[in-house]
Amino acid sequence: MHVERYPRHLPGKPDATAAIREGDEGVRLAASDWMHESVEGFRERARRRLPRFVFDFIDGGSGGESTLLENRAALDRIRLVGSGPRDMHECSQETCLFGRTIAMPLVIGPTGLAGAARSGGDAALARAAGVAGIPFVMSSAATATMEAVAEAGEGPKWFQLYVFRDRAVTLRLIERAAALGFEALEVTVDNTIPGRRLRDVRNGFTLPFRWNAGKLCSLLAHPGWTLDMVRVGPPRLKVMAAELDLQATETIAELMQAQLDPSVDWDDIKWVRNAWKGPLIVKGLLDPAQVGKAIDAGVDGIVVSNHGGRQIDGAVATIDILPEFVEAAAGQLTILIDSGFRTGSDIARALALGADAVQVGRATLYALAAAGEAGVRKALDVLREELRVVQMLAGARTPAEFSVASVRGARIPSVRPVAAVAPERLTGS
């Protein structure tokens, strides 16, 4: 895909005239468009562009969506503390995850079926992450091949793994990820059974898509998305389809349930550990009592996650339980967190409470749906700038300088351990 960059400051014009044009799709991002200045703006643009059944698949949660709402409410309860004056003429967002320095404490997490938001979505997310200097995690439920994503862009790539009922399939995916140069493996464990995602049930969201009068009318009302899908064909779970006999089901959740093993326990994680030589991350922990088992299994990192509110309806918000994970890990694990993060201020809250980095999912999917790869790049720029503003005003010259003193309103069981960073790579150190 050809991308032209327009100058950020045009002679005689304010910076608001800056734009990026994504040639194949005709997407033009103008800085004067408020919808491209926040993740919430991208969400609104995505809502307008996508058919309802696709938008609801991305946006929705399980049951009554109380966890979805609580993720946001919990973040809003935690207030940031400005701390000036302090010399902030040198400020860096660089941090170190698993021995690699990244540009900011952010990871684009695994999001299945990204190609439903926009064709070529998985590769576009990977390229945008590479430009931003942060990792991209490819989902086992991707709509691209592992080879296509491995070749997309220059940034670090991780692979998200489900433990399938057929362990031979799981092992083949581990071996392919290693051969293709994926740097870390992220095993999802909070999917013993899929959550009851009522929006998908109501809309009849299936793979392959099944059409009825309502959906066909929605296609006519959203011609941009429809033409995109006509051009490349409907999205397919290409990684899974290459390895598994996928049968049509009533919902995407039922399709996943038919393939995933509900008996997965820490012995299986140890089996994965033996098969994978790089950094191993376990995603989907909500119980701090599991931390010791993760350490015993040889895990390098964890993702504190309630699956973005898509599994247990009524689950604890991840930002509320994060300090307990930090206390339990005592510096022995890299701690990532996801579920509900939409702003740079949200990232700062997580750093203050002990996370080493934040994973985002919907935030970049909204941007992808709204404006393709250019939208994802812009969304990452917005998050970077929002975090920079908080850094400058909170007196945190590096991500490691955020601390419990930077926030109020959080339940903090103990003093935060020092985060693992590479100070020699930070400007001015």
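Q: Which strand holds Glu186?
A: Glu186 lies in strand S10, residues 184–188; strands are DSSP E runs of at least two residues and helices are H or I runs of at least four, numbered from the N terminus. This is a predicted model in which local features need pLDDT of at least 70, side-chain atom pairs count only at pLDDT 80 or more, and totals for chains, interfaces and linings use all residues. Residues are numbered from 1 along each chain as its sequence is written, and side-chain values use heavy atoms, with hydrogens and water left out.

Q: Is Glu186 buried or exposed?
A: Glu186 is buried, with a relative accessible area of 0%; buried means under 20% and exposed over 50%, with partly exposed in between (1.4 Å probe, protein chains only).

Q: What joins the side chains of Glu186 and Gln359?
A: A polar contact of 3.3 Å, that is, a pair of N or O atoms within 3.5 Å, one able to donate a hydrogen and the other to accept it.

Q: Changing topic, which residues of helix H9 are buried?
A: In H9 (residues 223–232) they are Trp225, Thr226, Asp228 and Met229. Seen down the axis of H9, the buried residues fall within an arc of 160°, so they line one face of the helix; the arc is that of the directions from the helix axis to the C-beta atoms.

Q: And what does the face turned away carry?
A: That face of H9 has the exposed residues Leu227, Val230 and Arg231.

Q: What comes just after H9?
A: Gly233, with a positive phi of about 90°.
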